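This report describes the architecture of one protein chain and the surroundings of its ligand. The sequence and structure are shown first.

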Amino acid sequence: MRVKKLNIVNFKNHGEKEFSFNKKINCFVGKNGVGKTNVLDALYYLSFSKSFINSTDSQNIKNGEDFFSLRGVYQVKEMEEHILLSFDKNKGKTLKRNDKEYEKISAHIGLLPLIIISPQDIKLIFDGSSERRKFIDSALSQFDSGHLIALQNYNRALLQRNKILKTSSGGGSIDPIILEMWDAHLISNGEKLYENRKKFITSFTDKFTEYYNKISAESSEKPSLKYFSQLETENIADLLKRNLHRDEFLQYTSSGVHKDDLIFQVGDLPLKNCGSQGQQKTFLTALKLAQYSFLSATGEKPILLLDDIFDKLDPFRVNSIVDLVLKDDTFGQIFITHTNENDLGKILEKTGEEFEMFEL
Ligand SMILES: Nc1ncnc2c1ncn2[C@@H]1O[C@H](COP(=O)(O)OP(=O)(O)O)[C@@H](O)[C@H]1O
Ligand SMILES: [Mg+2]
């Protein structure tokens, strides 16, 4: 799939802008703060109905205005799709596909698959484990809707169990039958989530390692992804039973798959503490490209957004990434931001591919 046209009105720092895109490579160039990332965010918004930076819709309206609107014309399989997303301070959000308003915004998600690689990805390394679980679960949910359902059921049961644990601390006693009921939900869904995540990470790791090695030119660096779960050593039913007293004291459920994590290492060292900025960026880029490759296996090639991707990488790694995303026909339409038009132009000219440069 690809996006042919984008029209922006009052979105962040942009008043009115219109772009006609190249089938393959599109670049946004200009100084810091001109709004390059904001244009990528507009494309992200049209795919996911939200910003990848600012989760409050109203803060994406250009200062002093009352609304913003984003229109995209897409080619999805043989169909042309016109998507309109607008947000008005008084009327709220509207999302339309070919002039017909969606009843549920969730029905839109998946129509326009998109992957973004951006400086925000660093959160995956430095934030808590929930960011990494979200990464695994969203990658999995894209092609296995059963995974998403198990996740929702698990989270609902967890919430209910924690409520019961809270009431018990106020002097109330826990009804063992109700507790057992929520435990049963945690057990059946938790086992499913554990099996899915474990299987996924095994196959995902191969793709990830392949990309990491391509970008770093088979350097001696040994990147690894390790799945951590308490369920590796004990089944969830035993875990819940064994920790019940502690959970009553803590007033929340302290064990289960909501404690799972993905451990990032280079060699035997944690990426967080020991990776150079370039290694961290290589790691994150390989993770996202592997995610892209999984997502494209489901059908349409997603749009790939590369925000400030070349910053902090040596020229060798920059060339490897360009070669990778242009020569491997896994990848479809690509959007790149960069501060220096000449540098980017030189890199792209070497590839012989046609590209469009938009100066902001
Ligand atoms: N709601 C808004 N109204 C006006 N300007 C905004 C709004 N949100 C963000 N901006 C401006 O957008 C600019 C950043 O744009 P960005 O796309 O991140 O730039 P870059 O070209 O460096 O990627 C900042 O100057 C910021 O003040
Ligand atoms: Mg930017």
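The sections below treat the overall fold, the domains and the ligand shell in turn.

## Overall fold

The model is predicted. Eleven helices and 14 strands make up the secondary structure of the protein chain. Along the principal axes, its C-alpha atoms occupy a box of roughly 65 × 55 × 40 Å.

The radius of gyration of the protein chain is 23 Å, which agrees with the value near 21 Å that a compact globule of 360 residues would have. Buried positions account for 34% of the 360 residues. Among contacts in the protein chain with a separation of 6 or more, 72% join residues 24 or more positions apart.

## Domain organisation

The domain assignment divides the protein chain into domain 1, formed by residues 2-113 + 300-359, and domain 2, formed by residues 129-271. Taken over C-alpha atoms, the centres of the two domains are separated by 33 Å.

At the boundary, five residues of domain 1 are in contact with four residues of domain 2. On the side of domain 1 that touches domain 2, three residues are nonpolar, one is polar and one is charged.

## Ligand surroundings

Ligand 1 has 15 residues around it, of which K12, N13, K36, T37 and N38 come nearest. By residue class, the shell around ligand 1 consists of ten polar, three charged and two nonpolar residues.

Conventions:
Residues are numbered from 1 along each chain as its sequence is written. Chains are lettered from A and ligands numbered from 1 in the order in which they are written. This is a predicted model: local features need pLDDT of at least 70, side-chain atom pairs count only at pLDDT 80 or more; totals for chains, interfaces and linings use all residues. Domain bounds come from an automatic or database domain assignment. Two residues are in contact if their C-beta atoms, placed from the backbone, lie within 7 Å. Ala, Val, Leu, Ile, Met, Phe, Trp, Tyr, Cys and Pro count as nonpolar, Asp, Glu, Lys and Arg as charged, and the others, Gly among them, as polar. A residue is near a molecule or strand if its C-beta atom, placed from the backbone, lies within 6 Å of it. Helices (H or I, at least four residues) and strands (E, at least two) are DSSP runs, numbered from the N terminus. The radius of gyration is taken over C-alpha atoms; the globule rule is 2.2 Å times the number of residues to the power 0.38. A residue is buried if 20 or more other C-beta atoms lie within 10 Å of its own, exposed if 12 or fewer, and partly exposed in between; C-beta atoms are placed from the backbone.
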